[in-house]
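Please look it over before going through the points below.

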Amino acid sequence: MPDISSNTSIGELVDEIGSRLQLKWINGENRRDLIISDQDDYQGQPLAGSLNLIHPNQIQLIGTEEIAYLDGLLNSIRRESYRQLFFAEPAAIICTDGVEPPKELLDSAETTNTPLLITEMSDRLVANHLNYYLSQALAERDTIHGVFKEVFGTGVLLTGMAAVGKSELALELITRGHRLIADDAPEFSRIAPDIVTGVCPPLLQDFIEVRGLGLLNVRRMFGDTSIKKGKYLRLIIHIAQMDDSTLARLDRLTGTYSTRNVLGLEIPKVTVPLAPGRNMAIIVETAVRQYMLRQQGYEASEDFINRQRKAINETTPDE
């Protein structure tokens, strides 16, 4: 089952991207632990955006246009607008474009102890950064046992039973110029309808365990280019030990292709038999190349069948 982690706090957000967005606290810094929940609670409403009193964002952005709109309202309507703004209990209000928060806004933020921040950056740029960050921070997550690699620029998850040789295979792929993302317990999150991305837990970053050698620091041994921070998951290669009867049942023409559901998305999967003498690194590289060709619409088995059919037609005499 996925390990769902679908909340973050306004304090964590400011710590992560506050300097990039030039955010400065005006009020409510003591509420850094105020939770920003996942998008399901808001039925698809962006979590951060320009002032919206009808469908409130969890982070309300107020720029020059919003200030001009509020200032142009009758006093009674403006007071009601501010009441609605804070009644929705936003996780934070950010004044963008370098605008000075009006006194009514400052007083309401102080009364309700609502986090209030300011920035010189435009509301559109701030919204883009915030929504990108939140889509990553609030995504549903799952940890899958295996080794996550970048092979020919493709995110590949190597899976298989314990002691099947996944880490040793990953090590050989590193020596062939491919990059390690995570050994043993990569973390995956679905950040878009058709994208699952994988990263390494901070504790395991740069390390790989090889039986007999123990823990190895890949970055120290092979350099910075041997490590990749994260990658979209595109292909799963499952390494399986098979007996003779199982091997005999494999389709030698089309291979063993299927899919695996990862966070609701079907990821292409190929099962590769483990056998003495097989160069598994070359098998993995070839599987990735085959995946790339299939993505382009080319299927080797269909090409062969068509070629065989054409040869039969050419050698069969006309009646």
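The model is predicted, so local features need pLDDT of at least 70 and side-chain atom pairs count only at pLDDT 80 or more, while totals for chains, interfaces and linings use all residues. Residues are numbered from 1 along each chain as its sequence is written, and side-chain values use heavy atoms, without hydrogens and water.

**Helices H6 and H9**
- The axes of helix H6 (residues 166–175) and helix H9 (residues 280–295) come within 9 Å and cross at roughly 75°.
- H6 is therefore roughly perpendicular to H9 (65 to 115 degrees counts as such).
- Leu169, Glu172 and Leu173 of H6 meet Met280, Ala281, Val284 and Glu285 of H9, contact being heavy atoms within 4.5 Å.

**Salt bridges**
- There are 10 salt bridges (a side-chain nitrogen of Lys or Arg within 4 Å of a carboxyl oxygen of Asp or Glu).
- Glutamate 285 pairs with arginine 176, with closest N and O atoms 2.9 Å apart; the two are 109 residues apart in the chain.
- Glutamate 285 is buried at 10% relative accessibility, whereas arginine 176 is partly exposed at 38% (buried is under 20% relative accessible area, exposed over 50%, partly exposed in between, with a 1.4 Å probe and protein chains only).
- Arginine 78 and glutamate 104 also form a salt bridge (2.9 Å, N to O).
- Glu150, Arg179 and Lys231 are linked in a network of salt bridges.

**Threonine 96**
- Threonine 96 lies in the loop between strand S6 (92–95) and helix H4 (103–112).
- Threonine 96 is buried, at 0% relative accessibility.
- Beyond its neighbours within four places in sequence, threonine 96 contacts residues including Leu61, Thr119 and Asp123.

Conventions: Axes are lines fitted to C-alpha atoms, for helices over the stretch in contact, and angles run from 0 to 180 degrees between N-to-C directions. Helices (H or I, at least four residues) and strands (E, at least two) are DSSP runs, numbered from the N terminus. Angles under 35 degrees count as roughly parallel, over 145 as roughly antiparallel, 65 to 115 as roughly perpendicular and the rest as oblique.
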